[in-house]
Amino acid sequence: MSATVVSKSGIGTANAVIRVEHLPKNAKAYCVEYEQDNSMACVRRTMVDVKIPDRVSGNCTKKTWSDLSGRSYAFLGRHKAGDFAPDYAIKHALSGEILDGSSASGYGEALSVFQALCPGIAK
């Protein structure tokens with residue numbers, strides 16, 4: 001599910017915030033791409049069913065952030081594990097688990113949010 005960015009503040013600081021809105025155009029994209037349903041009924045249903053927070057936030061000094069699902073992460077820098085490890089080590093704050101780089105782990109989404117909040121750190 002995607003959301004539309006409506007404002008940014010404090011990007012690259014200890015108080016980075018990106019505010020978002022879930023708009024009908026986001027629901028339409030979801031319906032067409034994932035549900036294979038081009039109907040307005042799907043858009044209406046998705047707008048009712050999908051509730052996301054209105055922001056993501058991060059502390060770029062501490063290299064921590066939260067995503068639209070309410071999960072919190074810590075950026076640990078370049079991954080030091082073997083050849084098949086992702087570029088960066090990202091730790092899920094609640095479980096302490098290091099994301100494995102797969103889409104199932106949420107690695108791509110987590111890294112994208114961090115890079116938007118704290119540009120230049122993960123490069």
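## Disulfides

The structure holds two disulfides, a disulfide being a pair of cysteine sulfur atoms within 2.5 Å. This is a predicted model, in which local features need pLDDT of at least 70 and side-chain atom pairs count only at pLDDT 80 or more, while totals for chains, interfaces and linings use all residues. Residues are numbered from 1 along each chain as its sequence is written, and side-chain values use heavy atoms, with hydrogens and water left out. With bonded cysteines counted along the chain, the disulfides of the protein chain follow the pattern 1-2, 3-4.

Helices (H or I, at least four residues) and strands (E, at least two) are DSSP runs, numbered from the N terminus. The link of cysteine 31 and cysteine 42 is left-handed, with -95° about the S-S bond. Both cysteine 31 and cysteine 42 are buried; buried means under 20% relative accessible area, exposed over 50% and partly exposed in between, with a 1.4 Å probe and protein chains only.

Cysteine 60 and cysteine 118 form a disulfide with their sulfur atoms 1.9 Å apart. The torsion about their S-S bond is about -85°, so this disulfide is left-handed. Because cysteine 60 lies in the loop between E3 and E4 and cysteine 118 in the segment after H3, the pair ties together parts that are 58 residues apart in sequence. Cysteine 60 and cysteine 118 are buried.

## Helix H2

Helix H2 spans residues 40-49, and in it Cys42, Val43 and Thr46 are buried. Seen down the axis of H2, the buried residues fall within an arc of 100°, so they line one face of the helix; the arc is that of the directions from the helix axis to the C-beta atoms. These buried residues pack against helix H1 (24-35), where contact means heavy atoms within 4.5 Å. The exposed residues Arg44 and Val48 are carried on the face of H2 turned away from its buried side.

## The sheet

Six strands form an open sheet in the order E1-E2-E3-E4-E5-E6, with antiparallel pairing. Strand E1 (4-9) and strand E6 (88-92) are the edge strands, each pairing on one side only. Two strands pair if DSSP finds at least two bridges between them. E1 and E2 run antiparallel and are joined by five bridges, and valine 5 has valine 20 in E2 as its bridge partner. Strand E4 (residues 64-66) pairs with strand E5 (residues 72-78) in the antiparallel sense over three bridges, with tryptophan 65 opposite tyrosine 73 in E5.

## Aromatic pairs

A search of the whole structure finds five aromatic pairs. Rings of Phe, Tyr and Trp (its six-membered ring) pair if their centres lie within 6.5 Å; planes under 30 degrees apart count as stacked, over 60 as edge-to-face and the rest as tilted. Phenylalanine 75 and phenylalanine 114 form a stacked pair, at 4.8 Å centre to centre and 20° between the planes. Phenylalanine 75 lies in strand E5 and phenylalanine 114 in helix H3, so the pair ties together parts that are 39 residues apart in sequence. Phenylalanine 75 is buried, with a relative accessible area of 7%, and phenylalanine 114 counts as buried at 0% relative accessibility. Ring pairs link Trp65, Tyr73, Phe75, Tyr88 and Phe114 into a cluster.
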